[in-house]
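Please look at the sequence and the model together before reading on, and keep both at hand. The paragraphs below lead from the whole chain down to single residues.

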Amino acid sequence: ASPSTRTATGAETGAAADTRGQQAEYLTTAQGARLYDTDHSLKAGERGPTLLQDHHLREKITHFDHERIPERVVHARGAAAHGVFVGYGTAAQVCKAGFLAEGVTTPVFTRFSTVVGSRGSADTVRDTRGFATKFYTAEGTFDLVGNNIPVFFIQDGIKFPDIIHAVKPHPDREIPQAQSAHDTFWDFVSLHTEATHHLFWHLSDRGIPRSYRMMEGFGVHTFRLVDAKGATTLAKFHWKPKLGVHSLTWEEAQLINGIDPDFHRRDLADAIESGAFPQWELGIQVFPDTPEQTFEGIDLLDPTKIVPEELAPVQPIGMLTLNRNPTNFFAETEQVAFHVGHLPPGIDVTDDPLLHARLFSYLDTQITRLGGPNFAQIPINRPHAPVNDMLRDGFHQHAVQSGVAPYKPNTLDGGCPFMAGADVGAYVEVAQPVAQSVKQREAPASFADHFTQPRLFYRSLSPVEREHVVRAFTFELGKCYEQSIRERALRILANVDAELCAQVADGLGLPAPEATKPVGEVTPSPALSQIGQVWPTA
Ligand code: HEM
C-alpha cells in the first residue's frame, strides 16, 4: 500500500534535476560520446561540401531549431525565485492544511510577471503584475496564482479570451507591445462597466510598481477553508511585502523602460544574490461561510469586489522568504506550470465564475505550452509529496512506472490499491448545496454595482495619487484614435467621480458628461492607499 510506484526518476521525491551543462572537461554528444571539435563541420575536403554524415552537426543544428516553446498566452514575461514559507500556526482555527501549522517550513517557487507584454517586453510598463507561488507541501502542491491587484476586469471567465484579445496588441499592426494605451483596450473597458474597479487600480500607481519586492499580492477569489473538524470558513489571501508598497512615477517608469528594460528582474535577482532576501507575510481575511456567501452586503463570489480591511482585517498566517535565484531561466522560470486547482486538503474553491474558468484553462494551455500531458514530471513542477497516480504514457513520459495494473480495483498489484480517507489526509471536496434552478447565463443581481468600489478606491487615495490617476487616464485616453471611445470612457468616469471626470475631460479637450447612475457617498478606506508605507515593525 505504499504510494510509490513511480520510482525510476525519483519524480515523487523532488530529486535533483539532470544537471547537464558545459562546464566539464570535455564536450559530448547528447549520447555521451566525446567530441573533438564543435567549431567546424565535417566536409569533403577543405572547401566542402558539408557532409550529412556529421552526426554532431545535425544534432547541434536540429536541437537548436527546436529550442523555442510557445510563450504563455498571458503573463509571458516573468522572473522567479526559490524560497521557503514558514507557517505561524495561526490559521489552524480555520484551516487544517499542514503547511500552515506552526513552524512548518515548505519550499516554494514564486514567479512574478506582467500580463500583456511578450517575453521580450519591458518590465516597467503600466500593467497588472502576476504573483504566483508554488508551495511544495508534504500534502501535495498548493499554487496560489494571484495578482498585485485584488480585483479583476471581468466577473465571468467566459469573457477572458475577449478581455485578453482587447488588451493584446492590435491584430493589424501588432502595436502597442505592452501598454494598455490603445483603442481596443479602451473599447473593451468602456463597454464593460464591470472592469471599472480593476481599471482604477491599473491606472493608479499600483500599475507601475517600483519593484517586485515592493508589491502586495492577492489571491483575488474567495476560497473555502476547512478546519480539522470539517467546519468551513470563506477566505481571501493577501501577501504583504515587508519592504512596504512602493511605485514608480510615470516619468521614472518611462525612463527606466529605455535605460533598463530588465529593471524588475534585475532588481529581484540582485537583491537575492546580495543576501537582501525579499519577504512577504501571508494573511487571510476570513468570513463566515453563510448560504448567501456575502459579507457586509458584498458578494464574495464577485471577483470585481474587495472587502475593505476595516471590515475584515488581514490576519497573518505565515512568512514567505525568497532566498535563491533560479539556476536556469528556461528550466525553472519558463517551464513552471501553476494551476488554481492545485490545492492541499484544507483549501477548497468557491463558485466564483471567474475561478471556475481558470480551473479549466491552466492545465489546458500548459498541455500545448509544455508539449503534452506529462509536464508535472519536469523538475520544477514535481511535487515533493509522494506521487502514485494511474496516469500513463503520453509525450515526454519520463517515469518508468512499475506494476501492471494502472486501474482500480485490481487484484494484481498487491491487492486493491490503497485509497486514503479524509481521516488520513485525502483531499475531499466540501459538500455544497447546488441551486435548484433552471440553467442560466445571467450574472446574479449582486454583481451589478460596478461603481461604488472604484469610487471607494479613488477617494481613498492621497491628493498626489489622485493626480497620478487623472494624468494616467488623460495620457492613455489621449492615445485613442477613436473619439467615441474617449467619450464613452468619460461617461464611466462621470459615474465614479465628477471631479475626476471633469479633470480628464479638460485634459482631453472634451466636454465632461453627467453621471447616469446616482453617485453615492463612500467612506474612504485608509488601508487601500498604502503606497509608500513600510511594514509595521512593532
Ligand atoms: C497565467 C493570474 C484570470 C488564464 C497567469 C499567471 C498568473 C495569473 C499570475 C502567470 C502564471 C505564471 O507565472 O506562470 C490570474 C489571476 C486571474 C486570472 C489573478 C483572475 C483573478 C485568468 C482567467 C483565465 C486565465 C479567467 C482563463 C479563463 C491564464 C492562462 C495563463 C495564465 C492561460 C498562462 C498559463 C501558462 O501558460 O502557464 N494567470 N489569472 N487567467 N492565466 Fe491567469
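Predicted model: local features only at pLDDT ≥ 70, side-chain atom pairs only at ≥ 80, totals over all residues.

The protein has 12 helices and 12 strands, and along its principal axes the C-alpha trace spans about 80 × 70 × 55 Å. A compact globule of 538 residues would have a radius of gyration near 24 Å, and because the protein has 26 Å, the value agrees with that expectation. Buried residues make up 39% of the 538 residues.

From the whole chain we can turn to its interior. In soluble globular proteins, nonpolar side chains tend to be buried together. In this model the largest nonpolar core has 102 residues, and those with the most contacts inside it are Cys95, Ala235, Phe473, Leu493 and Val504. Helix α11, which covers residues 483-496, gives the most to this core, with 7 residues.

The next stop is the ligand. Which residues come nearest to the ligand? Of the 28 residues around the ligand, these are His75, Arg111, Gly130, Phe160 and Ser361. The elements that give two or more residues to this shell are the strands β2 (105-114), β3 (129-137) and β4 (140-147), together with the helix α8 (353-369). Helix α8 gives the most, with 8 residues. Sorted by class, the shell holds 14 nonpolar, 10 polar and 4 charged residues.

Between β2 and β3 there is a loop, and Gly117 is found in that loop. Is Gly117 buried or exposed? Gly117 counts as buried, because 23 C-beta neighbours lie inside 10 Å, where the cut-off for a buried residue is 20 or more. Leaving aside its neighbours within four places in sequence, Gly117 is in contact with Ala76, Arg77, Val125, Gln177 and Ala178. The C-alpha atoms of Gly117 and Asp183, which are 66 residues apart along the chain, are separated by 16 Å.

Finally, the backbone itself has some details to find. A cis peptide bond joins Gly48 and Pro49, with omega about 15°, and Pro49 lies in the segment before α1 (55-65). Another cis peptide bond joins Lys408 and Pro409, where omega is about -5°, and Pro409 lies in the loop between α8 and α9 (452-460). Val220, in the loop between β5 (217-218) and β6 (223-226), has a positive phi of about 65° although it is not a glycine. Gln293, in the loop between β8 (279-288) and β9 (294-295), likewise has a positive phi, near 55°, and is a residue other than glycine. Val220 counts as buried because it has 24 C-beta neighbours inside 10 Å, and Gln293 counts as buried because it has 20 C-beta neighbours inside 10 Å.

Conventions. Residues numbered from 1 in each chain as written. Near = placed C-beta within 6 Å. Helix = DSSP H or I, 4+ residues; strand = E, 2+ residues; numbered from the N terminus. Nonpolar A, V, L, I, M, F, W, Y, C, P; charged D, E, K, R; others polar. Buried ≥ 20, exposed ≤ 12 C-beta atoms within 10 Å, placed from the backbone. Core = buried A, V, L, I, M, F, W, Y, C linked by C-beta atoms within 7 Å. Contact = placed C-beta atoms within 7 Å. Rg over C-alpha atoms; globule rule 2.2 N^0.38 Å.
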